[in-house]
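Please examine the sequence and the three-dimensional structure shown below before reading on.

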Amino acid sequence: MNRFSAKEPSLGYHYQVRYALYLLLKAKDKESPLVKLENLDDVEILDANKIELHQTKFHNKKAANLTDSSVDIWKTIRVWSELALIGDIDLDNVLLLLVTTSKTSKNSCLYDLSENKKTDKVVKSVIGKLNNVSNSSTNQTLKDAFESYNKLSIPQKEKLVKSIWIEDNALDFEALKNSINNELQLTFLPEHISTAFNDLEGWWYDQCIQHLEGKIDYITFDDTRRYISYLNDKYKTDSLPIDMAIS
C-alpha cells in the first residue's frame, strides 16, 4: 500500500455505517431510539431519555495501544470539549464513547475508563494525567485539542471524564456482521439469515446516504424494524408453493 492510499480511511467510513446499524438494533429496548451520522459525532444514538455519542476509530492493521497522549483519544476529546463549550451537549446527560479497534494500555489513565472505574479518586487521577499531557506535550498536531480541553472548567473536566467510556478491542467488520445476524435470528429462519443481512445492509446504506444528503433527519428503529418485517414477509411469500394450473 503506497503512502497516498486511502484504504484505511475508506474502511473507517464503512465501519461507521455498519456500527451504526449494530447500535440501533442493540437499542431495541430503549424508548423510540434513532440514529444520526456525522451530526454531533460519528454516530449519535438518541432516545427519549439520553444521548450517546460514539466516536469510531477503525484500524485495519494492528495499531499501537492507546496511551495518555494518543492521537485517537485527544482528537476525540477535542470534539467533545468543543461541543460542551458551545453548549451542544449537556455533560450531565450524555454518554461519550470512544470505540476503537486498538487496545488500551494498562499503564494509561485511559484503562480505568475502559473498565468503567470512575470513583472520585480515579476521576481526579485521570484529569491530572490529561492536564499533564495537555500542558507538557510538544505534539503540534494536537495543539488545538489541548487548547480546547484546557478551556474547560474543573467541574466540566470532571463531568467530561465521568461521561467517557472507552470501548477498546471493538468488534471488527466480521464480528459486527455476526452480532447483527444474531439479532436477525429472532425474526428470520436460519436459511434466510444471510440473505436478510445483505438486503438489510443494502437498505441501511441507502438510508444513510439519504440522511447524509439531508433528505432525512435521522433513521429510526421503527423504520428499521418495519423493513425487517417486510423482508420476513417477503421471504415467507417467496417460499410458498406455486400451484400450476392443469389444462
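This is a predicted model: local features need pLDDT of at least 70, side-chain atom pairs count only at pLDDT 80 or more; totals for chains, interfaces and linings use all residues.

Across the protein, pLDDT averages 90, and 92% of the residues score at least 70. Confidence is highest in strand 6 (residues 219-220), at 98, and lowest in helix 3 (residues 110-114), at a mean of 85. Over residues 242-247, pLDDT stays under 50; for this stretch the model has zero contacts beyond four places in sequence.

Attention now turns to the helix pair. Helix 4 (residues 120-136) packs against helix 6 (residues 154-163) with the two axes 10 Å apart and at an angle of about 110°. Because angles of 65 to 115 degrees count as roughly perpendicular, helix 4 is roughly perpendicular to helix 6. From helix 4, the contact involves Asp120, Val123, Val126, Ile127, Leu130 and Asn131; helix 6 contributes Lys157, Glu158, Val161 and Lys162. Classified by residue type, this contact between helix 4 and helix 6 comprises five nonpolar, one polar and four charged residues.

Is threonine 56 buried or exposed? Its relative accessibility is 9%, and because buried means under 20%, threonine 56 counts as buried. Leaving aside residues up to four places away in sequence, threonine 56 touches Tyr15, Gln16, Tyr19, Asp42 and Val99.

Conventions: Residues are numbered from 1 along each chain as its sequence is written. Side-chain values use heavy atoms; hydrogens and water are left out. Buried means under 20% relative accessible area, exposed over 50%, partly exposed in between (1.4 Å probe, protein chains only). Contact means heavy atoms within 4.5 Å. pLDDT is the predictor's confidence in each residue, from 0 to 100. Helices (H or I, at least four residues) and strands (E, at least two) are DSSP runs, numbered from the N terminus. Axes are lines fitted to C-alpha atoms, for helices over the stretch in contact, and angles run from 0 to 180 degrees between N-to-C directions. Angles under 35 degrees count as roughly parallel, over 145 as roughly antiparallel, 65 to 115 as roughly perpendicular and the rest as oblique. Ala, Val, Leu, Ile, Met, Phe, Trp, Tyr, Cys and Pro count as nonpolar, Asp, Glu, Lys and Arg as charged, and the others, Gly among them, as polar.
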